[in-house]
Amino acid sequence: MRFAIATADRYLSVFETFVGAGWQPVKLFTVPLDNIVNHNQATIGYAASLNIDIQLSRMTEQDLQDLQARGCEVLIVASYNWHVPDWQSYLRHAINFHPSPLPEGRGPYPFHQAILEGRDNWGVSCHKLTHEFDSGDLLAQRRFPLTPADCHDSLSLRVQMATRELATQVAYNFRNLWDNAVAQDGDASYWKKLADDEWLLKFDQPVAAILRRVRAFGQLECVAHVNNMLMFVRRIVGWTEVHHHPAAASSTAITATS
């Protein structure tokens with residue numbers, strides 16, 4: 001099948017998997033990224049090696065019309081920061097890979113909240129692309145357990161691994177999964193991007209809550225105010241102990257990188 005894909009490096013495996021399954025790529029859509037925390041250079045390089053068009057500007061209805069003219073049958077979305085225009089007038093199929101066990105964790109970036117809520121399992125989903133974010137019928141899902149030690153970075157890696165497995169399932173059984181997709185069942189939750197104050201470490205909270213918040217952000221860093229200094233924290237070590245120091249009195253107890 002001929003397909004276009006909107007993605008970045010986190011889900012390069014989705015792109016590779018569909019090509020490896022014999023699907024024919026037509027075009028890559030991606031977004032301008034800093035390539036410091038968020039990356040797309042590997043994805044762009046892979047698309048260039050396939051000699052297909054690459055677009056870094058927002059996808060438009062005219063782009064969908066162009067895909068139709070090229071015989072594109074499927075649009076695959078896996079991490080795309082812009083809203084996709086109505087595709088149904090131009091393409092037969094459009095799917096999205098989402099890093100949560102839908103209908104839980106709808107929204108742009110559910111990684112932080114999954115750790116903050118102390119979930120003991122998580123998952124990834126592939127669903128039909130609809131106008132309402134992350135609400136389309138499900139083609140397939142993959143779930144996996146989480147441990148108390150999991151953090152933003154380990155969850156991100158585990159999501160990538162599970163998404164590759166999910167993409168393999170979808171690529172090799174697409175028509176059957178599309179035709180038999182099921183409505184999302186259960187209580188839906190939509191998690192917005194976290195507000196600025198939710199990145200802040202509050203040292204009047206219990207130790208476990210502080211440690212969990214740092215794990216939830218990982219290399220993206222929490223913010224801490226210590227001894228009138230602003231610090232960006234990737235890792236923190238803490239324990240529960242009776243003491244008489246005021247909260248956040250000493251910055252020597254915090255290992256931080258900026």
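The model is predicted. Helix α2 spans residues 41-49, and the structure holds 12 aromatic pairs.

**Helix α2**
- Thr-43, Tyr-46 and Ala-47 are buried in α2. They sit on the same side of the helix because they cover an arc of only 100° around its axis.
- In an α-helix, residues three or four places apart point the same way, because there are 3.6 residues a turn.
- The buried residues of α2 pack against β1, α1, β2 and β3.
- Gln-41 and Ser-49 are exposed, on the face turned away from the buried side of α2.

**Hairpin β8-β9**
- Strands β8 (222-226) and β9 (229-233) are paired antiparallel, with 5 bridges.
- Val-226 has Met-229 in β9 as its bridge partner.
- The hairpin has 2 residues between its strands, and Asn-227 in the turn takes a positive phi of about 50°.

**Aromatic pairs and cluster**
- Phe-3 and Phe-15 form an edge-to-face pair, with 6.2 Å between centres and 90° between planes. Phe-3 lies in strand β1 and Phe-15 in helix α1, 12 residues apart. Both residues are buried.
- Tyr-80 and Trp-82 are also edge-to-face, because their planes stand at 85°, with the ring centres 5.9 Å apart. Tyr-80 is buried at 11% relative accessibility, whereas Trp-82 is partly exposed at 23%.
- One aromatic cluster includes Phe-3, Phe-15, Tyr-46 and Trp-178.

**Charges over rings**
- The charged end of Arg-10 sits over the ring of Phe-111, 5.0 Å from the ring centre.
- Lys-128 lies over the face of Trp-178, 4.3 Å from the ring centre.

Notes
Residues numbered from 1 in each chain as written. Predicted model: local features only at pLDDT ≥ 70, side-chain atom pairs only at ≥ 80, totals over all residues. Heavy atoms only, no water. Pairing = 2+ DSSP bridges. Helix = DSSP H or I, 4+ residues; strand = E, 2+ residues; numbered from the N terminus. Buried < 20%, exposed > 50% of the residue type's maximum accessible area, 1.4 Å probe, protein only. Arc of directions from axis to C-beta. Contact = heavy atoms within 4.5 Å. Phe/Tyr/Trp six-rings, centres within 6.5 Å; stacked < 30°, edge-to-face > 60°. Lys NZ or Arg CZ within 6 Å of the ring centre and 35° of its normal.
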